[in-house]
Amino acid sequence: MFTAQELGASAVAPRVGPLTLVDAAMLAPMSGISDLGMRRAARRFGATLAFSEMVASAELVAENDEARLRAEGEGAEPHAAQLVGSEPAAMAEAARRLEASGARLIDINMGCPSRRVAGRAAGCALMRDLDQAGRLIETVARAVAAPVSVKMRLGWDDDERNAPTLARRAEAAGATMITVHGRTRRQLYDGKADWRAVGEVVAAVGVPVVANGDCRSVDDARAMLAQSGARAVMIGRAAVGAPWLVGAIGRALVAGGPAVDPPAAERRAAALAHVEWLLSALGRRAGLRHARKHLAAYAEKAGAPEALRCALVTSEDADEALRLLALAFASRPQTEAA
């Protein structure tokens with residue numbers, strides 16, 4: 001894992017409460033994607049933070065095994081965990097449990113656009129009830145010593161672009177960092193993220209703001225920072241199948257020049273370790289099913305032939321899948337990560 005000394009000082013890397021971050025590139029929380037295996041890989045290659053997939057507060061308080069697994073952070077320190085929910089008391093109790101288990105940063109999800117989440121008055125739905133959002137943030141911030149951050153969108157739709165207002169309330173309630181995905185809830189993931197609109201949030205608050213949405217390369221990251229004035233970028237879908245991308249972009253932001261992939265052998269080892277963790281944590285059958293989205297992405301990013309990719313994602317045998325995954329990285333040379 002890269003150290004702060006190896007990365008050097010960054011002019012844009014934010015400080016979040018007691019956490020001094022070594023660069024300005026973070027792995028986004030992604031439901032069903034940013035499991036502990038992926039977060040370990042991202043941190044190994046230098047991501048300054050790697051956020052857990054969202055953890056339902058009520059499920060964590062009820063000691064649900066899946067919620068507990070999503071909330072784990074061993075080997076991905078500093079552990080940054082994201083909570084989702086709508087009830088302040090449950091969110092506060094879940095935050096206390098996360099902190100007790102080693103979380104160094106608690107993020108509150110106010111940006112998830114899915115009906116499953118927003119339909120329960122959580123996620124992006126909280127952008128339509130700013131009083132409740134403020135109460136929730138304040139209750140969580142008072143419950144833990146760890147810094148609390150908030151992830152939001154630009155608003156519910158173009159008629160309700162209220163991210164600056166929510167960000168001011170979040171800061172007043174105790175949030176120490178704000179992340180803004182540059183789309184509205186109505187957009188889901190369509191269209192292009194509006195990085196300039198994130199700048200309205202930057203102008204509204206004094207805490208660090210992180211820009212999220214459509215960051216696929218270091219050129220994107222530089223444009224995001226320039227257009228928004230944000231202190232850091234958060235990388236999501238582009239890192240699926242390439243968890244090393246986050247660290248590569250972070251180092252390039254510090255040093256200048258291109259982002260460079262690690263050698264193929266290191267990428268292969270990281271991918272295998274990720275899938276092996278899933279097989280161990282979930283069981284070989286369920287783990288292989290869960291791993292298929294990662295297997296497909298790793299093979300695609302590695303430039304594997306179509307026949308190999310098809311065999312990999314349809315394999316019912318975990319050992320065979322691991323063998324095919326290793327083959328996917330066999331012939332790809334080291335390349336710039338753009």
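In what order do the 9 strands of the open sheet run, and is the pairing parallel or antiparallel? I looked that up before anything else.

**Ground rules.** I'm working from a predicted model, where local features need pLDDT of at least 70, side-chain atom pairs count only at pLDDT 80 or more, and totals for chains, interfaces and linings use all residues. Residues are numbered from 1 along each chain as its sequence is written, and side-chain values use heavy atoms, with hydrogens and water left out.

I read the order as 4-3-11-10-9-8-7-6-5, with parallel pairing. Strand 4 (49–50) and strand 5 (55–56) are the edges, each pairing on one side only. Two strands count as paired if DSSP finds at least two bridges between them. Strands (E, at least two residues) and helices (H or I, at least four) are DSSP runs, numbered from the N terminus. I find 15 helices and 11 strands in the chain.

**Strand 7.** I picked strand 7 (residues 105–110) next. It is largely enclosed by the rest of the structure, because 6 of its 6 residues are buried. Buried is under 20% relative accessible area, with a 1.4 Å probe and protein chains only. Leu 105, Asp 107 and Asn 109 sit on one side, Ile 106, Ile 108 and Met 110 on the other.

**Its neighbours.** I see strand 6 (residues 80–84) pairing with strand 7 in the parallel sense over 4 bridges, and Leu 83 has Ile 108 as its bridge partner. Strand 8 (residues 148–155) also pairs parallel with strand 7, over 5 bridges; there Met 110 stands opposite Met 152. Strand 8 then joins strand 9 (residues 177–184) through 6 bridges, again parallel, with Ser 149 opposite Met 177.

**Crossover.** Strand 6, helix 5 (residues 88–100) and strand 7 make a right-handed β-α-β unit. Right-handed: with the strands pointing away from me, the path from the first strand over the helix to the second runs clockwise.

**Core.** Which residues have the most contacts inside the largest nonpolar core? I get Ile 106, Ile 178, Ile 235 and Ile 249, in a core of 123 residues. Such a core is a set of buried Ala, Val, Leu, Ile, Met, Phe, Trp, Tyr and Cys residues joined through side-chain atoms within 4.5 Å. Apart from it I noted another core, of 6 residues, including Met 54 and Cys 112. Not counting residues up to four places away in sequence, Ile 106 touches Leu 83, Ala 95, Val 148 and Ser 149, among others; contact means heavy atoms within 4.5 Å.

**Whole chain.** Buried residues make up 59% of the 338.

Definitions and conventions. Buried < 20%, exposed > 50% of the residue type's maximum accessible area, 1.4 Å probe, protein only.
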